[in-house]
Amino acid sequence: MSLSLIALCLGAGCLIGFMGGVLGIGGGMIAIPALVLLMGMSQQLAQGTALIMVLPTIMMAVRKYNQQTRIDRRVALAGAAGAVVFTWVGARLALGIDSGVLRLSFAVFLFFIALFYAWQTWRAGRARAAAKPAGAMAAAPVFTPRRASVLGMLCGTLGGFFGVGGAVLAVPIITTVFRLPQTTAQALALCMVIPGSAVALVTYSWAGQADWLVGLPLAAGSLLFVPVGVRLAYRLPERKLRACFAAMLFATVALLIFES
């Protein structure tokens with residue numbers, strides 16, 4: 001591997017880490033289409049390689065989120081426990097299907113999540129314009145450890161199948177159903193996927209679907225800029241953060257379609 005390619009991976013990792021810190025997605029959704037498009041990797045190899053970067057980046061992001069606002073450890077651990085086994089199941093399914101089919105499935109999944117976020121952002125704007133009183137809405141259900149465990153099972157399956165995606169699904173569910181703040185939802189979602197991401201990385205690596213020479217410099221660059229992204233996330237207005245999240249998903253979908 002040439003020095004120029006290592007430098008390129010470090011630079012790309014810095015950008016991905018910053019965006020992942022801002023949006024709470026671990027950067028994998030950015031890295032996967034980039035690895036397929038720029039390096040000609042199969043979808044499975046791109047997902048496994050991205051996990052090398054994603055795992056330490058997520059751990060760093062969770063630490064920084066926790067410094068800003070304490071994370072509910074019981075809820076986070078319950079979600080993580082629910083995700084572990086199901087992540088392995090999802091990864092095994094992904095390794096057994098055609099790369100093109102997997103890429104198309106990834107694009108469709110992200111497209112609908114992006115649509116949901118765009119709708120949520122628009123609805124928040126209308127609600128603010130209507131200026132409804134605080135007691136007008138029914139009380140949201142409590143995000144208990146049991147509910148977190150069930151959500152972790154669903155997110156673990158998706159995270160294993162797509163290499164990333166568990167946190168992307170968890171965040172809108174937590175913000176919409178349980179009405180927790182965007183940054184709190186991002187922190188909890190990332191906590192849930194840490195053990196599952198480790199399981200997925202081992203599974204992809206065991207199958208020869210992870211390029212460590214590319215993944216390690218990506219991870220090193222990403223870790224440098226995750227703290228900067230997390231600090232910015234706490235300064236942005238919540239509605240703007242959701243809009244950025246949706247825009248990032250739509251951009252990723254466009255990249256995946258272009259690759260196809």
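A crossing of helices is left-handed if the near helix is turned anticlockwise from the far one by less than a right angle, and right-handed if clockwise. In this predicted model, local features need pLDDT of at least 70 and side-chain atom pairs pLDDT 80 or more, while totals for chains, interfaces and linings use all residues. Residues are numbered from 1 along each chain as its sequence is written, and side-chain values use heavy atoms, without hydrogens and water.

**Helices α4 and α8**

- The crossing of α4 and α8 is right-handed.
- Helix α4 (residues 73-95) and helix α8 (residues 182-206) have axes that come within 7 Å and cross at roughly 35 degrees.
- Residues in this contact (heavy atoms within 4.5 Å) include G79, A83 and W88 of α4 and C191, G196 and Y204 of α8.

**Nonpolar surface patch**

- V85, F86, W88, V89, L93 and M153 make a nonpolar surface patch of about 540 Å².
- The most is given by α4, with five residues, whereas M153 lies in helix α6 (residues 145-162).

**Helices α6 and α7**

- Helix α7 (residues 166-177) packs against α6 at an angle of about 145 degrees, and their axes are 7 Å apart.
- Among the contacting residues are L151, L158 and G159 of α6 and G166, L169 and I174 of α7.

Methods. Axes are lines fitted to C-alpha atoms, for helices over the stretch in contact, and angles run from 0 to 180 degrees between N-to-C directions. Helices (H or I, at least four residues) and strands (E, at least two) are DSSP runs, numbered from the N terminus. Patches are made of residues with over 30% relative accessible area and no salt bridge: like charges are joined within 9 Å, nonpolar side chains (Val, Leu, Ile, Met, Phe, Trp, Tyr) within 5 Å. Accessible areas come from the Shrake-Rupley method with a 1.4 Å probe; for residues, only the protein chains shown count as cover. A salt bridge is a side-chain nitrogen of Lys or Arg within 4 Å of a carboxyl oxygen of Asp or Glu.
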